[in-house]
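Please look at the sequence and the model below, then read on.

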Amino acid sequence: RTAMSGQPATRPHLLCLSAFASERRGTLRFRTLPMLRRLRQLGWRVTLLLPGWDLAPAQVNQAKWLLRSFDYHLLPPLHRPSLAWQFHYSRAMVQWTLRLQPDVVLAAKAVGAPALTLTALRAVRATGKWSGELWLDSDDWEGSDGWSRTMPAAQRLAVSLLEKNALHAAD
C-alpha cells in the first residue's frame with residue numbers, strides 16, 4: 001500500500017527482451033528465466049518478448065511449455081533470416097513496449113534485436129512516448145574475443161557495435 005493514499009501499490013512491470021526463444025540456449029533457460037522468476041517473487045509483473053527465429057516448427061510447443069508460467073509473446077518466425085530480420089524484430093519490440101508501457105525494459109542479451117531495441121527506446125523515451133528505465137543483462141561479453149571470434153569479420157564488428165551501443169543506451 002502507498003503511504004499517502006492507503007491504496008494498493010501498483011506492481012512494477014518489467015518487459016524482458018530476449019534474443020532467442022529456444023530452450024537449447026542456456027542463457028534463456030538457466031539465467032534469464034530464473035532471474036525473472038525471482039523478480040516475480042519480489043512482486044514484479046514480468047512479460048517476455050521472444051523472437052521465434054531459432055525455433056523449428058516442432059520446437060514451438062517446447063518453448064511454450066518452458067514459458068508456461070510467464071506472460072509472454074512469441075514473435076512469429078521469419079522464413080529467411082537475414083540482417084533485416086533483426087530490425088524487423090526490434091521494430092516489433094518497440095511497438096510492444098509502447099503498447100504495454102512497462103516501468104522497465106530489460107534486454108537479456110547485448111546482441112541482436114534486444115540491443116537494437118534499447119538504442120531505439122532511448123530515442124523514443126526522449127520524445128515522451130514512454131518513460132521507463134532501460135536495463136541490460138549480459139551473461140557474456142564478446143568484446144574482441146569470445147564466441148563471435150568464429151564469425152566472419154563483418155559479423156564480429158556488428159556484434160561488437162551492438163554490445164557497445166546497448167551498454168551506452170542502458171540506464
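Predicted model: local features only at pLDDT ≥ 70, side-chain atom pairs only at ≥ 80, totals over all residues.

## Around helix H4

Helix H4 is followed by Gly-128, a residue whose phi is positive, near 90 degrees.

H4 covers residues 112-127 and lies across strands S1 (13-17), S4 and S5, running at about 160 degrees to S5. Does the length of H4 agree or disagree with its residue count? At 1.5 Å a residue, its 16 residues should span 22 Å, and the end C-alpha atoms are 24 Å apart, which agrees. The buried residues of H4 are Gly-112, Ala-113, Pro-114, Ala-115, Thr-117, Leu-118, Leu-121 and Val-124.

## The chain as a whole

The chain holds five helices and five strands. Read along the sequence, these elements follow the pattern β-α-β-α-β-α-β-α-β-α.

Of the 171 residues in the chain, 43% are buried. Among contacts with a separation of 6 or more, 71% are between residues 24 or more positions apart. The chain exposes about 9600 Å², and carbon and sulfur atoms supply 56% of that area.

## The sheet

In what order do the five strands stand in the sheet? The order is S3-S2-S1-S4-S5; the sheet is open and its pairing is parallel. Strand S3 (71-75) and strand S5 (133-136) stand at the edges with a single partner strand each, so one side of each has no neighbour in the sheet. On average, neighbouring strands are turned by 20 degrees against each other, direction ignored.

In a regular strand, side chains alternate between the two faces of the sheet.

Strand S2 spans residues 45-51 and is mostly covered, with six of its seven residues buried. S2 pairs with S1 in the parallel sense over five bridges. In this pair, His-13 stands opposite Arg-45 of S2.

S2 also pairs with S3, again in the parallel sense and over five bridges. Here Pro-51 stands opposite Leu-75 of S3. The chain passes from S2 through H2 to S3, and this β-α-β crossover is right-handed.

## Strands S4 and S5

Strand S4 consists of residues 104-107 and pairs with S5 in the parallel sense over four bridges. Val-105 has Leu-134 of S5 as its bridge partner, and Leu-106 stands opposite Trp-135 in S5.

H4 belongs to this part of the chain as well: S4, H4 and S5 make a right-handed β-α-β unit.

Thr-97 lies in helix H3, which covers residues 83-100. Is Thr-97 buried or exposed? Thr-97 is buried, because its relative accessible area is 0% and the cut-off for a buried residue is under 20%. Leaving aside residues up to four places away in sequence, Thr-97 touches Leu-15, Pro-102, Val-105, Leu-121 and Trp-130. Among these contacts, Val-105 is the residue with bridge partner Leu-134 in S5, and Leu-121 is one of the buried residues of H4. Thr-97 and Leu-49 are 48 residues apart along the chain, while their C-alpha atoms are separated by 9.6 Å.

Leu-66 lies in helix H2, which covers residues 60-66. Its relative accessibility is 7%, so Leu-66 counts as buried. The C-alpha atoms of Leu-66 and Leu-28 are separated by 9.8 Å, and these two residues are 38 residues apart along the chain.

## The loop between H3 and S4

Which residue has a positive phi although it is not a glycine? That residue is Gln-101, with a phi of about 50 degrees. Gln-101 is found in the loop between H3 and S4.

How accessible is Gln-101? Its relative accessibility is 40%, so Gln-101 counts as partly exposed.

Note on methods. Residues numbered from 1 in each chain as written. Heavy atoms only, no water. Pairing = 2+ DSSP bridges. Helix = DSSP H or I, 4+ residues; strand = E, 2+ residues; numbered from the N terminus. Axes fitted to C-alpha atoms, helices over the stretch in contact; angles between N-to-C directions. Contact = heavy atoms within 4.5 Å. Expected span 1.5 Å × (residues − 1). Buried < 20%, exposed > 50% of the residue type's maximum accessible area, 1.4 Å probe, protein only. Areas by Shrake-Rupley, 256 points an atom, 1.4 Å probe, with all protein chains shown as cover. Right-handed = clockwise from strand over helix to strand, strands pointing away.
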